[in-house]
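Let's take a walk through this protein together, one region at a time. Have the sequence and the 3D view open as you read.

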Amino acid sequence: MSNQMKALVKAKPEVGLWLERAPVPEIGHDDVLIRIKKTGICGTDIHIWNWDEWAAHTVPVPMITGHEFAGEIVEIGRDVHDLSIGQRCSGEGHLIGKTSRQSRAGKFHLDPGTRGIGVNEQGAFAEYLRLPAFNVVPLSDAIDDEIGAILDPLGNAVHTALSFDLIGEDVLITGAGPIGIMAAAVARHVGARHVVITDVNQDRLDLAGQVADVVPVNVTTQDLAETVSNLKMKQGFDVGLEMSGNQRALDQMVESLVMGGRIALLGIPPGKSPVDWSRIVFKAITIKGVYGREIFETWYKMIAMLENGLDVRKVITHRFAVDDFRDGFAAMLSGQSGKVVLDWT
Ligand code: NAD
Ligand code: ZN
């Protein structure tokens, strides 16, 4: 192996990413080295590409971006005993400490010191990635590399969707981005009765209809209340999964929930966002914020569901070789894509 590799780097504090040569990372005793096969482009990578305020405040330059990946282990550290060379894998991109109260309670995903690969630590948009062995998630033959590369956002969808019991429930998902669409597929898979997904972007609603058995509603042209009555729902939705980060979507969700309804919030509003709290109080609504994936319960559940018929492949709408990464980012920036996967082989 040469000690240089290709990597997509935030090399300058300005718009764009650059395909450069970088040193292959050296691994520590508890790490593995992963040869990357496929990666997914995330909304986070778009923030970093655009170099918006969040990115400029958060990401040190130079930084290899990317955190959605699948690959194969090519080197293991001296103290790693439960993994082997040649093992296909994906992995949790949130690097956690082991000393916080939350970690010591086994709630690793709530560790306040979490650091993200491709954001705070060198990332996965490269031929090789160094990762703590703890973060590795082995892949069975049932999960190919392109699905392996989107387990991170599928995990966001699964974590959010499994926040509340959905069996026999009517579920409203606001935002038909890749994560909202995958959450819709998960909600159906686990036995929700009606799953309605809203967006303002018709292309994405069309994609949602192709990926999952859901009722898409374009809130710019359709009345959500009419859909509720067409589906013969008596009061409203039992559970809301907010996946747009849009304030109007949250307002609409609160309005169309039953008394005592439950909301899981994954979407990230751009800044402070006004909320009509009295509506939430009088409707006795429970709200849960959702960050990342449960480590590793979400991974366990999502792999089990994928092995048992959950099918989200159609959410991948674009595939490019890494040399054509600009086309991949253009597809994401167009707002007309689902997931975009880059091939590093
Ligand atoms: P995305 O930006 O691709 O999708 C958001 C969708 O919401 C878009 O299709 C947009 O058209 C739609 N939308 C805008 N206004 C709307 C409205 N009024 N009603 C309904 N839909 C509306 O995002 P994604 O990659 O699918 O991620 C979903 C959200 O989750 C984003 O806000 C993202 O920042 C957030 N996120 C959070 C975490 C976490 O750990 N909490 C992790 C990943 C992503
Ligand atoms: Zn992601």
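How many residues of domain 1 are in contact with residues of domain 2? Eleven residues of domain 1 touch eleven residues of domain 2. Please keep in mind throughout that this is a predicted model. Domain 1 covers 4-150 + 312-343, while domain 2 covers 155-289. Taken over C-alpha atoms, the centres of domain 1 and domain 2 are separated by 28 Å.

Let's turn to the inside of the protein. In soluble globular proteins, nonpolar side chains tend to be buried together. Here the largest nonpolar core has 49 residues, and L154, I173, I197 and L241 are the ones that touch the most other members. Two or more residues of this core come from each of α5 (151-161), β11 (171-174), α6 (178-189), β12 (195-199), α7 (202-211), β14 (237-242) and α11 (297-307). The biggest contribution is that of α6, which supplies seven residues. Domain 1 and domain 2 each give at least three residues to this core.

For a closer look, pick I173. Beyond its neighbours within four places in sequence, I173 is in contact with G180, A183, A184, V195, V196, I197, T198, L241 and M243.

Helix α5 deserves a stop of its own. Is this helix mostly covered or mostly open? It is mostly covered, as eleven of its eleven residues are buried. Among the buried residues of α5 are D152, N156 and H159, along with L154, V158 and A161.

Next comes the metal site. Which residues coordinate the zinc ion (ligand 2)? The donors are C42 through SG, H67 through NE2 and E68 through OE, at 2.1 to 2.5 Å. Along the sequence these donor residues follow the spacing C-x24-H-E. C42 sits in the loop between β3 (31-41) and α1 (43-50), and H67 sits in the loop between β4 (63-64) and β5 (68-76), so the pair ties together parts that are 25 residues apart in sequence. With a relative accessibility of 13%, C42 falls under the 20% cut-off and therefore counts as buried. H67 is buried too, with a relative accessible area of 9%.

Strand β4 also takes part in an open sheet of three strands, with the order β2-β1-β4 and antiparallel pairing. Why is one side of β2 and of β4 left without a neighbour in the sheet? Both β2 (18-23) and β4 stand at the edges with a single partner strand each, so one side of each has no neighbour there. Strand β1 (residues 4-10) runs antiparallel to β2 and is joined to it by six bridges. To find one of the pairs on screen, select A7, whose bridge partner in β2 is E20.

Two more residues are worth a visit. R88 is located in strand β6 (residues 88-91), and its side chain reaches the backbone oxygen of S140 at 3.2 Å. Leaving aside neighbours within four places in sequence, the contacts of R88 include G71, E72, P138, D141 and D145. A330 belongs to helix α12 (residues 325-333) and is partly exposed, with a relative accessible area of 43%. A330 and I46 are 284 residues apart along the chain, and their C-alpha atoms are separated by 9.8 Å.

Let's finish with the backbone. Most residues other than glycine have a negative phi, and most peptide bonds are trans. In this model, the peptide bond from V61 to P62 is cis, with omega near 0°, and P62 lies in the loop between α2 (53-58) and β4. Another cis peptide bond joins I295 and F296, with omega about 5°; F296 is in the loop between β16 (286-289) and α11.

W51 is not a glycine, yet it has a positive phi of about 55°. W51 is found in the loop between α1 and α2 and counts as buried at 16% relative accessibility. K232 likewise has a positive phi, near 60°, and lies in the loop between α8 (224-230) and β14. Is K232 buried or exposed? At 67% relative accessibility, K232 counts as exposed.

Technical notes: Residues are numbered from 1 along each chain as its sequence is written. Chains are lettered from A and ligands numbered from 1 in the order in which they are written. This is a predicted model: local features need pLDDT of at least 70, side-chain atom pairs count only at pLDDT 80 or more; totals for chains, interfaces and linings use all residues. Side-chain values use heavy atoms; hydrogens and water are left out. A nonpolar core is a set of buried Ala, Val, Leu, Ile, Met, Phe, Trp, Tyr and Cys residues joined through side-chain atoms within 4.5 Å. Buried means under 20% relative accessible area, exposed over 50%, partly exposed in between (1.4 Å probe, protein chains only). Helices (H or I, at least four residues) and strands (E, at least two) are DSSP runs, numbered from the N terminus. Domain bounds come from an automatic or database domain assignment. Contact means heavy atoms within 4.5 Å. Donors are N, O and S atoms within 2.8 Å of the metal (3.2 Å for Na, K and Ca); water is not among the atoms, so sites may look incomplete. Two strands pair if DSSP finds at least two bridges between them. A polar contact is a pair of N or O atoms within 3.5 Å; within protein, one must be able to donate a hydrogen and the other to accept it, and residues adjacent in sequence count only if both atoms are side-chain atoms.
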